[in-house]
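Visitor: I'd like to learn how to read a helix in a protein model. Could you walk me through one?

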Amino acid sequence: MTKCLLRVALLAASVAASPWEGLTEAQCDGQGLFQTSARGRSKSGRSPTSSPLDKRVYVTLAWHKAGTQLMRNTMRWIWDLLDAREACRYDGYGVDLISHGFWEQDCPEHPDVKIRFNNHANQTFLPALRADTASSGGFKGVMTLRDPLEMVISSYCYHHRGAEPKNPISVGMVELGPKEGVPEMAKRMAPIIRDMFEVFQVAKPEVYVSHFERMTGSSSGFNQTVKEILDFLFGDEVSDHFKRRALDAAAHEDLNRGEDGFSFSFHSEADNQVNHTSDDQELNEARSYLSLVDQELLEELLHFQKALGYPPTAVK
């Protein structure tokens, strides 16, 4: 068995219905996963493969309750299929970025690592990354956006249920009903939402902007987003076969297809990470208290909402 077939066999064993099942020797060859060059063909007639991971830095950007789990884990399937064995995080935040190898490293201490994750990026991050990578192939990235007011509501419901008690944003939230909890959570989430908005403003041209609502609204929306991510990050550097495999793999994170992806098995029971989704009744009750948010802050959040292209929330 070749190294490639061994790799996909190991990956296939990690999920019940694997997208790598039945991969052939020919599909593992260079044209199966990566586009190859006609130069340097060996005596055996096989072309050397060139992974896009050798060419540039790739960064995934997310913010609390903007779809962090969904985006990070969608990308994890893609990195696994590329046989990524090394990744890093900024500020020590974020769980498994890849399934094999080293991922708990701090990015500033490991500048040669190509796959990176930042869960707290602010407006200075991308300009600094542009400068740092300018002489080594540059970078490409993916970021997730969500309606700012829905981030507040989701965060309140999530932490009110007792999720992530070690997260400073959750302190005292279990005891607060929505009348007190929603306005307080808006204050706590405001810096996070500002950072997300400010990064969005400087994201182009290297960063693909994904919308949480599109990825979770339907399977077709999820599929189209992943296809666009693959085209944006890799273009013709990977084969169509690879893109099909990557889409099939990433589909395990589609909320509309069942719970068998990485996002549905949490990293640590000690973190008390209860289900990330909230029911409609819980969310609607919390939304009814948005009018109690500090007026100046509410206007700022509504401004962000409009600037990001979301329809205005009717706050009564």
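Guide: Let's begin where the helix stops: just after H6, glycine 162 takes a positive phi of about 100°. Keep in mind that this is a predicted model.

Visitor: And at the other end, which atoms come together at the start of H6?

Guide: There, aspartate 147 points a side-chain oxygen to within 3.0 Å of the backbone nitrogen of leucine 149.

Visitor: What span should helix H6 have, and how far apart are its end C-alpha atoms?

Guide: The idea is to count 1.5 Å a residue.

Visitor: How many residues of H6 are buried?

Guide: Buried means under 20% relative accessible area. Twelve of the 13 residues in H6 are buried, so the rest of the structure largely encloses this helix. Among them are Leu149, Met151, Val152 and Ile153, but also Glu150 and His159.

Visitor: What covers those buried residues of H6?

Guide: The cover includes three helices: H7 (178-201), H11 (280-287) and H12 (295-307).

Visitor: Now zoom out for me. How many helices and strands does the protein have?

Guide: Twelve helices and six strands. Of the 316 residues in the protein, 50% are buried.

Visitor: What share of the contacts with a separation of 6 or more joins residues 24 or more positions apart?

Guide: That share is 70%.

Terms used
Residues numbered from 1 in each chain as written. Predicted model: local features only at pLDDT ≥ 70, side-chain atom pairs only at ≥ 80, totals over all residues. Heavy atoms only, no water. Helix = DSSP H or I, 4+ residues; strand = E, 2+ residues; numbered from the N terminus. Expected span 1.5 Å × (residues − 1). Buried < 20%, exposed > 50% of the residue type's maximum accessible area, 1.4 Å probe, protein only. Contact = heavy atoms within 4.5 Å. Polar contact = N/O pair within 3.5 Å; in protein donor to acceptor, adjacent residues only side chain to side chain.
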